[in-house]
Amino acid sequence: MSTEESEALQLLYPPHIQHNTNSLHTVKFLSALFSGAAAGILGLENFSGFALFLASTLLTTSGIWLVKCKGRPQKYLHGGLGPLLNPGQDNLFSFVLVWTLFYALVHVYD
Amino acid sequence: MSTQNLYLDPQIRNWVLFPITLVMILVGLLRHYATLLLTSPPKKQPLNVIREQRGVLRAQILRQSSKQSPLPPSYYHTISSSLVEAFHNGDYLKDGPRDANAPPPPPANPLTDPAAMDGMMENMKKQMVMNIPQMIIMGWINFFFSGFLVIKLPFPLTNGFKEMLQRGIQTPNLDVRWVSSLSWYFLNLFGLNGLFRLILGNDNGADSTNDLASSPFANLGNQASAPLAPGQDMHKIFLQEKDSLELAETTYKWVGDSIEDRILAKWGKIQSPSRKEKVL
């Protein structure tokens, strides 16, 4: 099994993988921002806010998987579905920041 | 469960929320450029030192791609055999081929080896650039923006956070969700990393996740085993690499092997051979 894996690994070109990873990062950050804004404006609290974050992550992941990777993420990225699904390293905090900001702008201040 | 609805002056929003965020973004940019200016470019090293460091890397790259190698057989075997010979004779070692009877040199001490010291100094300089602005901003916020509520968090926290996030407001019954400006600072600290990564690119100097994870002594353990310091181990490493290279030669297969048959079979001109070819 490991020989097939290393053969598949070899067919990936590192600069392209780097570019793909970067654009994936950007997409995830932007989706975290916009879902934060949506959660804040809608006035979601507690779990419903985090549920919206989860739903937006799933939506962006499935969009990328279907439309961009055409169902074969191992052609474009190292490790297939894992990196696609991961919401990105600080995106949870960015989501919370924007959520808090918009919640306060809309619901706390007049 | 009380839903306390307090009325906050909109002036707070204009003069506290936005200025703090703006200042943190600008200070982050400043830190990034200061880091760029402070880090000195890597010192030029003589050719034989670099050759020693990169020799193993070359062999590894050759080995890893040997199963579906892009190199035709003549190139692969030439490179492989020249590397094997160089490793065997110690040609790539920094101080020249080792004398069979000379005693092996002692491994370099990280504290006295100049190359390792430079690395540690660089790290410490970077830490200073990171930490000082953070402390200054925290002091500024505590001085100017203390004593009033700034924002309501949309999610609940335990009461333990109350003491930290509501510093300066002496009301024991207030919901933990109403917080002071220091917590807005913390939210911004973690939340703006993504923004910096977007504007400044991946290795930016403004990212605060790096300060928490690394320290001046984090690399001390790595440096002893890095190819930089010990001289004797390189010889052993070279010998091990030589053995792996010889092993890899047996599993070498050119990608273009019998490619004429494969292409013809793909286009249906001849019967495909019985083995299945994996087509991605």
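Hi everyone. A quick word on conventions: residues are numbered from 1 along each chain as its sequence is written, chains are lettered from A and ligands numbered from 1 in the order in which they are written, and side-chain values use heavy atoms, without hydrogens and water. As the model is predicted, local features need pLDDT of at least 70 and side-chain atom pairs count only at pLDDT 80 or more, while totals for chains, interfaces and linings use all residues.

Let's start with chain B. It has 10 helices and two strands; these are DSSP runs numbered from the N terminus, helices being H or I with at least four residues and strands E with at least two. Of its 280 residues, 33% count as buried; buried means under 20% relative accessible area, exposed over 50%, and partly exposed in between, with a 1.4 Å probe and protein chains only. Chain B is divided into domain 1 (10-41 + 112-213) and domain 2 (47-93 + 233-279), with bounds from an automatic or database domain assignment. The C-alpha centres of these two domains lie 49 Å apart.

Now the salt bridges. How many does the structure hold over all chains? There are three, where a salt bridge is a side-chain nitrogen of Lys or Arg within 4 Å of a carboxyl oxygen of Asp or Glu.

One pairs Arg177(B) with Glu45(A), with the closest N and O atoms 2.8 Å apart. Arg177(B) sits in the loop between helix 5 and strand 2 of chain B and Glu45(A) in the loop between helix 2 and helix 3 of chain A, so this pair joins two chains. Arg177(B) is buried at 10%, whereas Glu45(A) is partly exposed at 27%.

Another links Arg63(B) and Glu241(B), at 2.9 Å from N to O. Arg63(B) lies in helix 2 and Glu241(B) in helix 9 of chain B, so the bridge ties together parts 178 residues apart in sequence.

Then there are Lys242(B) and Glu246(B), at 3.9 Å from N to O. Both lie in helix 9 of chain B, four residues apart, about one turn of the helix.

Finally, the surface. Leu30(A), Phe34(A), Leu198(B) and Ile199(B) make a nonpolar patch of about 390 Å². Patches use residues with over 30% relative accessible area and no salt bridge, joining like charges within 9 Å and nonpolar side chains (Val, Leu, Ile, Met, Phe, Trp, Tyr) within 5 Å. Phe34(A), in helix 2 of chain A, is exposed at 63%.

Methods. Areas by Shrake-Rupley, 256 points an atom, 1.4 Å probe, with all protein chains shown as cover.
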